[in-house]
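Here is a short briefing on one protein model. Keep the sequence and the 3D view side by side as you read.

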Amino acid sequence: MEKDTPYQLIRPNDAMRRQPKQDRSIKVVNAIVEAAHSILLEHGRGALSTTTLEVVSGVPKSSIYQYFPNLDTIVFEVYRLVIRTQHLKGYQEFPRDKEHTVLSFIYWLLDWSIEIHRKVLEVDKTLLVEHKGFLDAWQELDVNIAPESSTESFIYEQLKLCSDFKPSSNDMLRVHALGRAAQLMVYSLISDNIDFIDDPEFRNTLAKMCYAIFAD
(Lines give C-alpha, C1' and ligand atoms only; values in the text may rest on other atoms or scores of the structure.)
Protein backbone atom coordinates (compact mmCIF):
# COMPACT_ATOMS: atom_id res chain seq x y z
CA MET A 1 0.00 0.00 0.00
CA GLU A 2 1.19 3.48 -0.76
CA LYS A 3 -0.48 5.01 2.26
CA ASP A 4 -2.14 3.95 5.48
CA THR A 5 -5.91 4.34 5.25
CA PRO A 6 -8.72 3.27 7.57
CA TYR A 7 -10.61 0.19 6.49
CA GLN A 8 -14.32 0.50 5.77
CA LEU A 9 -16.57 -2.52 5.97
CA ILE A 10 -18.62 -3.70 3.02
CA ARG A 11 -20.91 -6.17 4.78
CA PRO A 12 -21.46 -7.23 8.42
CA ASN A 13 -20.77 -10.89 7.60
CA ASP A 14 -17.23 -10.01 6.62
CA ALA A 15 -16.64 -7.72 9.57
CA MET A 16 -13.29 -7.43 11.24
CA ARG A 17 -13.38 -7.79 15.03
CA ARG A 18 -12.28 -4.20 15.45
CA GLN A 19 -11.52 -1.31 13.15
CA PRO A 20 -8.00 0.18 13.21
CA LYS A 21 -8.16 3.89 13.97
CA GLN A 22 -4.74 4.88 15.29
CA ASP A 23 -1.66 4.96 13.05
CA ARG A 24 -0.09 2.02 14.85
CA SER A 25 -3.15 -0.23 14.53
CA ILE A 26 -3.59 0.75 10.86
CA LYS A 27 0.02 -0.29 10.20
CA VAL A 28 -0.54 -3.60 11.97
CA VAL A 29 -3.60 -4.38 9.83
CA ASN A 30 -1.78 -3.28 6.68
CA ALA A 31 1.13 -5.59 7.54
CA ILE A 32 -1.25 -8.54 8.00
CA VAL A 33 -3.08 -7.86 4.73
CA GLU A 34 0.12 -7.33 2.73
CA ALA A 35 1.62 -10.52 4.18
CA ALA A 36 -1.53 -12.45 3.26
CA HIS A 37 -1.37 -11.05 -0.27
CA SER A 38 2.22 -12.21 -0.64
CA ILE A 39 1.48 -15.69 0.71
CA LEU A 40 -1.58 -16.13 -1.50
CA LEU A 41 0.24 -15.09 -4.67
CA GLU A 42 3.37 -17.13 -4.01
CA HIS A 43 1.98 -20.26 -2.38
CA GLY A 44 -1.82 -20.31 -2.74
CA ARG A 45 -4.67 -20.46 -0.27
CA GLY A 46 -3.48 -23.74 1.24
CA ALA A 47 -0.43 -21.97 2.65
CA LEU A 48 -2.39 -19.21 4.37
CA SER A 49 -2.62 -19.70 8.13
CA THR A 50 -2.16 -17.61 11.23
CA THR A 51 1.25 -19.25 11.63
CA THR A 52 2.49 -18.20 8.17
CA LEU A 53 0.94 -14.77 8.65
CA GLU A 54 2.78 -14.37 11.94
CA VAL A 55 6.10 -15.31 10.31
CA VAL A 56 5.71 -13.13 7.20
CA SER A 57 4.06 -10.08 8.79
CA GLY A 58 5.86 -10.11 12.11
CA VAL A 59 2.48 -9.64 13.82
CA PRO A 60 1.77 -12.19 16.60
CA LYS A 61 -1.24 -14.48 16.30
CA SER A 62 -2.90 -12.84 19.27
CA SER A 63 -2.89 -9.49 17.45
CA ILE A 64 -4.13 -11.07 14.22
CA TYR A 65 -7.13 -12.47 16.07
CA GLN A 66 -7.80 -9.07 17.62
CA TYR A 67 -8.70 -7.78 14.14
CA PHE A 68 -9.75 -10.79 12.08
CA PRO A 69 -12.17 -13.55 13.17
CA ASN A 70 -11.11 -15.93 10.37
CA LEU A 71 -8.89 -16.28 7.32
CA ASP A 72 -11.70 -15.52 4.86
CA THR A 73 -12.04 -12.06 6.36
CA ILE A 74 -8.35 -11.47 5.70
CA VAL A 75 -8.72 -12.64 2.10
CA PHE A 76 -11.60 -10.19 1.61
CA GLU A 77 -9.30 -7.40 2.77
CA VAL A 78 -6.67 -8.59 0.29
CA TYR A 79 -9.33 -8.42 -2.43
CA ARG A 80 -10.02 -4.82 -1.47
CA LEU A 81 -6.29 -4.00 -1.52
CA VAL A 82 -6.01 -5.43 -5.04
CA ILE A 83 -9.13 -3.56 -6.20
CA ARG A 84 -7.77 -0.28 -4.87
CA THR A 85 -4.36 -0.83 -6.45
CA GLN A 86 -5.75 -1.79 -9.86
CA HIS A 87 -8.33 0.96 -9.84
CA LEU A 88 -5.67 3.54 -9.08
CA LYS A 89 -3.49 2.16 -11.87
CA GLY A 90 -6.31 2.36 -14.41
CA TYR A 91 -7.43 5.79 -13.27
CA GLN A 92 -3.89 7.15 -13.61
CA GLU A 93 -2.99 5.36 -16.84
CA PHE A 94 -6.08 6.21 -18.87
CA PRO A 95 -4.77 7.39 -22.29
CA ARG A 96 -6.06 10.96 -22.16
CA ASP A 97 -3.81 12.00 -25.03
CA LYS A 98 -5.63 9.76 -27.52
CA GLU A 99 -8.85 10.44 -29.37
CA HIS A 100 -11.63 8.05 -28.37
CA THR A 101 -14.99 6.98 -29.71
CA VAL A 102 -17.74 5.77 -27.40
CA LEU A 103 -16.96 2.18 -28.43
CA SER A 104 -13.21 2.47 -27.92
CA PHE A 105 -13.82 3.98 -24.47
CA ILE A 106 -16.17 1.11 -23.63
CA TYR A 107 -13.46 -1.37 -24.61
CA TRP A 108 -11.00 0.46 -22.37
CA LEU A 109 -13.49 0.43 -19.49
CA LEU A 110 -14.11 -3.30 -19.93
CA ASP A 111 -10.40 -4.06 -20.13
CA TRP A 112 -9.94 -2.13 -16.88
CA SER A 113 -12.66 -4.17 -15.19
CA ILE A 114 -11.42 -7.48 -16.62
CA GLU A 115 -7.88 -6.78 -15.44
CA ILE A 116 -9.13 -6.00 -11.93
CA HIS A 117 -10.99 -9.31 -11.86
CA ARG A 118 -7.94 -11.19 -13.15
CA LYS A 119 -5.83 -9.78 -10.33
CA VAL A 120 -8.47 -10.61 -7.74
CA LEU A 121 -8.81 -14.15 -9.11
CA GLU A 122 -5.06 -14.61 -8.66
CA VAL A 123 -5.57 -14.14 -4.93
CA ASP A 124 -8.24 -16.81 -4.33
CA LYS A 125 -10.52 -18.03 -7.13
CA THR A 126 -12.77 -20.24 -5.04
CA LEU A 127 -13.76 -17.67 -2.44
CA LEU A 128 -14.44 -14.99 -5.03
CA VAL A 129 -16.57 -17.15 -7.32
CA GLU A 130 -18.54 -18.81 -4.53
CA HIS A 131 -19.10 -15.64 -2.53
CA LYS A 132 -22.52 -14.05 -2.94
CA GLY A 133 -22.05 -10.32 -3.05
CA PHE A 134 -18.89 -9.05 -4.69
CA LEU A 135 -16.83 -6.38 -2.97
CA ASP A 136 -17.92 -3.39 -5.03
CA ALA A 137 -15.08 -2.08 -7.18
CA TRP A 138 -17.07 1.08 -7.94
CA GLN A 139 -17.29 1.87 -4.24
CA GLU A 140 -13.59 1.15 -3.75
CA LEU A 141 -12.69 3.78 -6.33
CA ASP A 142 -15.09 6.39 -4.99
CA VAL A 143 -14.11 5.92 -1.34
CA ASN A 144 -10.40 5.27 -1.54
CA ILE A 145 -9.04 6.78 -4.72
CA ALA A 146 -11.17 9.58 -6.06
CA PRO A 147 -13.10 11.07 -3.14
CA GLU A 148 -13.47 14.37 -5.00
CA SER A 149 -14.37 12.78 -8.34
CA SER A 150 -16.62 9.74 -8.42
CA THR A 151 -16.30 6.93 -10.94
CA GLU A 152 -19.50 8.15 -12.51
CA SER A 153 -18.02 11.61 -13.04
CA PHE A 154 -14.83 10.14 -14.47
CA ILE A 155 -16.77 8.04 -16.99
CA TYR A 156 -18.97 10.97 -17.96
CA GLU A 157 -16.02 13.33 -18.49
CA GLN A 158 -14.29 10.82 -20.76
CA LEU A 159 -17.44 10.05 -22.72
CA LYS A 160 -18.06 13.73 -23.40
CA LEU A 161 -14.63 13.87 -25.05
CA CYS A 162 -15.44 10.97 -27.39
CA SER A 163 -15.72 12.12 -31.00
CA ASP A 164 -19.11 10.48 -31.56
CA PHE A 165 -20.74 11.03 -28.17
CA LYS A 166 -24.24 12.51 -28.45
CA PRO A 167 -25.55 14.21 -25.30
CA SER A 168 -29.09 13.46 -24.18
CA SER A 169 -31.42 14.30 -21.33
CA ASN A 170 -30.66 10.88 -19.81
CA ASP A 171 -26.87 11.14 -19.80
CA MET A 172 -26.39 10.33 -16.10
CA LEU A 173 -28.65 7.30 -16.33
CA ARG A 174 -26.66 5.99 -19.29
CA VAL A 175 -23.35 6.74 -17.61
CA HIS A 176 -24.40 4.98 -14.41
CA ALA A 177 -25.69 2.01 -16.40
CA LEU A 178 -22.41 1.76 -18.31
CA GLY A 179 -20.29 1.82 -15.16
CA ARG A 180 -22.36 -0.83 -13.44
CA ALA A 181 -22.61 -3.00 -16.54
CA ALA A 182 -18.85 -2.94 -17.13
CA GLN A 183 -18.21 -4.21 -13.61
CA LEU A 184 -21.16 -6.39 -12.68
CA MET A 185 -21.45 -8.24 -15.99
CA VAL A 186 -17.80 -9.24 -15.83
CA TYR A 187 -18.24 -10.59 -12.31
CA SER A 188 -21.59 -12.29 -13.01
CA LEU A 189 -20.31 -14.10 -16.09
CA ILE A 190 -17.08 -15.35 -14.54
CA SER A 191 -19.10 -16.48 -11.52
CA ASP A 192 -21.20 -18.59 -13.88
CA ASN A 193 -18.16 -19.88 -15.77
CA ILE A 194 -14.68 -18.79 -14.78
CA ASP A 195 -13.32 -19.81 -18.20
CA PHE A 196 -15.30 -17.02 -19.88
CA ILE A 197 -12.65 -14.50 -18.86
CA ASP A 198 -10.15 -16.19 -21.22
CA ASP A 199 -12.58 -16.48 -24.13
CA PRO A 200 -11.50 -14.15 -26.99
CA GLU A 201 -15.15 -13.16 -27.50
CA PHE A 202 -15.73 -12.26 -23.86
CA ARG A 203 -14.91 -8.56 -24.12
CA ASN A 204 -16.51 -8.27 -27.58
CA THR A 205 -19.80 -9.64 -26.30
CA LEU A 206 -19.78 -7.31 -23.31
CA ALA A 207 -18.83 -4.34 -25.49
CA LYS A 208 -21.84 -4.92 -27.73
CA MET A 209 -24.12 -5.03 -24.70
CA CYS A 210 -22.62 -1.85 -23.23
CA TYR A 211 -22.68 0.00 -26.54
CA ALA A 212 -26.42 -0.67 -26.83
CA ILE A 213 -26.87 1.76 -23.92
CA PHE A 214 -25.93 4.59 -26.27
CA ALA A 215 -27.83 3.40 -29.34
CA ASP A 216 -30.40 5.89 -30.63
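The model is predicted.

**Helix α9**
- Helix α9 runs over residues 171-192, which makes 22 residues.
- At 1.5 Å a residue, α9 should span 32 Å. Its end C-alpha atoms lie 31 Å apart, so the two values agree.
- The helix α9 bends by about 30° at A181.
- A181 is one of the buried residues of α9. Others on that list include V175, L178, M185 and I190.

**Salt bridges**
- The count comes to eight salt bridges.
- D171 pairs with R174, with the closest N and O atoms 2.8 Å apart. Both residues lie in α9, three residues apart, or about one turn of the helix. D171 and R174 are both buried.
- Salt bridges with shared partners join R45, D72 and D124 into one network.
- Within it, R45 and D72 meet at 2.6 Å, N to O. R45 sits in the loop between α1 and α2, and D72 sits in helix α4, so the pair ties together parts 27 residues apart in sequence.
- R45 is partly exposed at 28% relative accessible area, and D72 is partly exposed at 30%.
- E157 and K160 form a salt bridge at 3.1 Å. They are three residues apart in helix α8, so about one helical turn separates them. E157 is partly exposed at 41%, and K160 is partly exposed at 40%.

**Cysteines**
- A disulfide is a covalent bond between the sulfur atoms of two cysteines.
- The whole structure holds zero disulfides.
- C162 is buried, with 5% relative accessible area. C210 is buried too, at 1%.

Key: Residues numbered from 1 in each chain as written. Predicted model: local features only at pLDDT ≥ 70, side-chain atom pairs only at ≥ 80, totals over all residues. Heavy atoms only, no water. Helix = DSSP H or I, 4+ residues; strand = E, 2+ residues; numbered from the N terminus. Expected span 1.5 Å × (residues − 1). Bend = angle between axes of the 7 residues up to and from the residue. Buried < 20%, exposed > 50% of the residue type's maximum accessible area, 1.4 Å probe, protein only. Disulfide = S-S within 2.5 Å. Salt bridge = Lys/Arg side-chain N within 4 Å of Asp/Glu carboxyl O.
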